[in-house]
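Good morning, and thank you for coming.

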Amino acid sequence: MPPKKDNAPKKPNAAKVAEDKTFGMKNKKGSTAKKQIAQIQASAASAKTPEQKRKDAEKAQREKEKLASEQAKRETAELFKPVQVQKVPFGVDPKTVLCMFFKQGNCEKGKKCKFSHDPAVERKGEKRNLYQDTREKEEEERKKDDMAEWDEEKLRQVVTSKHGNPKTTTDKVCKYFIEAVEN
């Protein structure tokens with residue numbers, strides 16, 4: 001037996017009606033046409049059944065809850081983020097590297113921190129140009145630094161550097177040294 005046909009005509013969807021009414025108007029450039037399109041679409045949106053309005057409200061509520069849960073997850077991840085560790089290459093003194101937590105303003109170790117808390121430490125290590133030979137300049141500076149131009153203080157510095165610090169020398173002589181010299 002064939003299925004029975006509904007005698008009641010189907011009511012077209014409100015969005016479909018709005019689409020049909022605004023079919024030829026979308027390509028028009030005038031502001032009046034745009035206003036009419038907006039008015040027709042607004043009337044189609046408000047012509048929903050109570051059930052559709054309820055569904056839309058539930059959908060909006062679910063979206064709000066989803067956004068709130070995502071925000072809560074982001075906040076907990078921010079609070080309980082993994083501990084960052086500052087790494088230094090092998091052979092480099094950590095005190096020559098500025099503490100990244102101090103840089104951000106939240107180093108909790110204070111004086112116990114193995115990294116430097118001196119902001120000038122980054123500027124101390126001037127980068128050398130690897131592509132330029134600096135030996136010639138150093139040689140010229142040594143030639144210019146002549147003994148005739150030294151003052152008395154500079155002369156004393158050079159003498160102490162060549163002959164050792166006189167404060168560390170003593171008049172006492174090791175008995176083993178004397179035995180070795182005599183024998």
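R135 is exposed, because its relative accessible area is 58%; exposed means over 50%, buried under 20% and partly exposed in between, with a 1.4 Å probe and protein chains only. Please note that this is a predicted model, in which local features need pLDDT of at least 70 and side-chain atom pairs count only at pLDDT 80 or more, while totals for chains, interfaces and linings use all residues. Residues are numbered from 1 along each chain as its sequence is written, and side-chain values use heavy atoms, leaving out hydrogens and water.

Which residue pairs with R135 in a salt bridge? The partner is D133, with the closest N and O atoms 3.0 Å apart. A salt bridge here is a side-chain nitrogen of Lys or Arg within 4 Å of a carboxyl oxygen of Asp or Glu. D133 is partly exposed, at 40% relative accessibility.

The whole structure has 4 salt bridges. One of them joins E152 to R156 at 2.7 Å between the closest N and O atoms. Both residues belong to helix α7, residues 152-163, and sit 4 residues apart, about one turn of the helix. Helices are DSSP runs of H or I, at least four residues, numbered from the N terminus.

Finally, helix α2 buries A33, I37 and A44. Seen down the helix axis, the buried residues fall within an arc of 40°, taken from the directions to the C-beta atoms, so they line one face of α2. The face turned away from that buried side carries the exposed T32, K35 and Q39.

Definitions and conventions. Helix = DSSP H or I, 4+ residues; strand = E, 2+ residues; numbered from the N terminus.
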